[in-house]
Amino acid sequence: MLSILRSLPVPFRRSSQRKKVLNRTSTPQPEPVANPIASAAAPESVPTAPSETAPETERKVIVGDAAGIPIIDFSGFLDGSAKEEVAKAILDTFKRWGFVYLKNFGFPTVEVDEMFDWSRKFFSQPKEVKMLAPHPGVPHINRGYIPPGVEKFTQSNDSEEVAQMRHKEPDVIENFSCGHDDSILGKNIWLPEGVLPGFNEACQQFFWKCYNVEIAVLKAIAVGLGLPEDYLSKSHSGRDQSLRLMHYPSVPAKKLVDGEMSRIGAHSDFSSITLLFQDDVGGLEVESPDHPGEFISVPPVPGAVMINAGDFLQRWSNDQIRSALHRVRAPPGMKDGMTPDRYSIPYFCSTDFDLTVDCLPGTYSEMNPKKYEPITAGEYIQQRLASLYAK
């Protein structure tokens, strides 16, 4: 689905160097537990500490910023000690940036490091091995391995236009996607038993760790909006989510700078929110909230997960929350030579695809009417997926 520092410890290490909810009773809402899966460019910014004059509650919640995007300590929401403050900080940041950094997000960062190790092991395999778990080549299935040059990330829904863009400026990226077997996105496509032992299980376990974080963040957004805490989370059973391992191979930096190829073109994500784990290479850029069309380099923050709002949450919130355009370019300041390989792990969070949603209570009024008609998540996301794989 698609595409937002120096005084902190090293980032997730590299091993070598964007209406009410209709009642529905057909989908049970599980408690978030760790279960197995069912069958931008300005100069790089240095994160800063909060101002000494900031209120005490703000010092507890906002622990710094990177490129102006707040870094929020999520532990105060998880343990209940600063639930309202954290929820407000996240919502305020989503309204302005559409992106936020969260520290103490719910599971140890060493487990993120371990997943990155598995990602590198997978992508280091020969292509013929990776193709043992092939994406089936149809837009509505978001599972399995996709080699470089197949996808093109863009805002366009015109398949012919996307195909032309892919030919002119291909996205040089490969990825592997997995999720819940009982999903419209398809059953998982795993490597055969005995090939890279432990990989499939590691992906399954990490998926459900991310799901727990997703549910907590959705609860925080609901609290920030003045809704019941479970208002958003009860619509996200985990069935239609997707975990994606992404590898950006080393390419000539000049080709990225000159627009002959891209890592990921400017796009917004399709669904509710995205959790993004990054290595320390950099290259992610987010559209400036003050200068449309201008992108700001947003560096990885040590020990933090980046969360961004997707198109569906923007629509659901009647445009109160921003789904920001973002892209991946060469690392900041790099114009020549070969770029380092880059790895990232996004986890895309969607409402259950059969759920019809309308603008959230409190987001519209007589003076600010609804901007969108009710729609299912599946309708919207399938439209976007179809263009993503246009030939």
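These legends describe close-up views of a predicted model.

**View 1. Confidence along the chain.** The mean pLDDT of the chain is 81. Residues at 70 or more make up 76% of the chain. Among the elements, strand β3 (residues 99-103) has the highest mean pLDDT, 98. Helix α6 (residues 159-168) has the lowest, 49. Residues 1-46 stay under 50, with 175 contacts beyond four places in sequence. Residues 165-169 also stay under 50, with 18 such contacts. Where pLDDT is low, the predicted coordinates should not be read in detail.

**View 2. The pair Phe122 and Tyr145.** The whole structure holds 18 aromatic pairs. One of them joins Phe122 and Tyr145, edge-to-face. Their centres are 5.9 Å apart, with 65 degrees between the planes. Phe122 lies in helix α4 (residues 109-123) and Tyr145 in strand β4 (residues 144-146), 23 residues apart. Phe122 is buried, at 0% relative accessible area. Tyr145 is buried too, at 2%.

**View 3. The pair Phe207 and Tyr347.** The ring centres of Phe207 and Tyr347 lie 5.5 Å apart. Their planes meet at 75 degrees, so the pair counts as edge-to-face. This pair links distant parts of the chain: Phe207 in helix α7 (residues 199-224) and Tyr347 in strand β13 (residues 342-349), 140 residues apart. Phe207 is buried, with 0% relative accessibility. Tyr347 is buried, also with a relative accessible area of 0%.

**View 4. An aromatic cluster and charges over rings.** One aromatic cluster is formed by Trp118, Phe122, Phe123, Tyr145, Phe176, Trp190, Phe199 and Tyr343. Over the ring of Trp118 sits the charged end of Lys121, 4.4 Å from the ring centre. Arg342 lies over the face of Tyr248, 4.9 Å from the ring centre.

Methods: Residues numbered from 1 in each chain as written. Predicted model: local features only at pLDDT ≥ 70, side-chain atom pairs only at ≥ 80, totals over all residues. Heavy atoms only, no water. pLDDT = per-residue confidence, 0-100. Helix = DSSP H or I, 4+ residues; strand = E, 2+ residues; numbered from the N terminus. Contact = heavy atoms within 4.5 Å. Phe/Tyr/Trp six-rings, centres within 6.5 Å; stacked < 30°, edge-to-face > 60°. Buried < 20%, exposed > 50% of the residue type's maximum accessible area, 1.4 Å probe, protein only. Lys NZ or Arg CZ within 6 Å of the ring centre and 35° of its normal.
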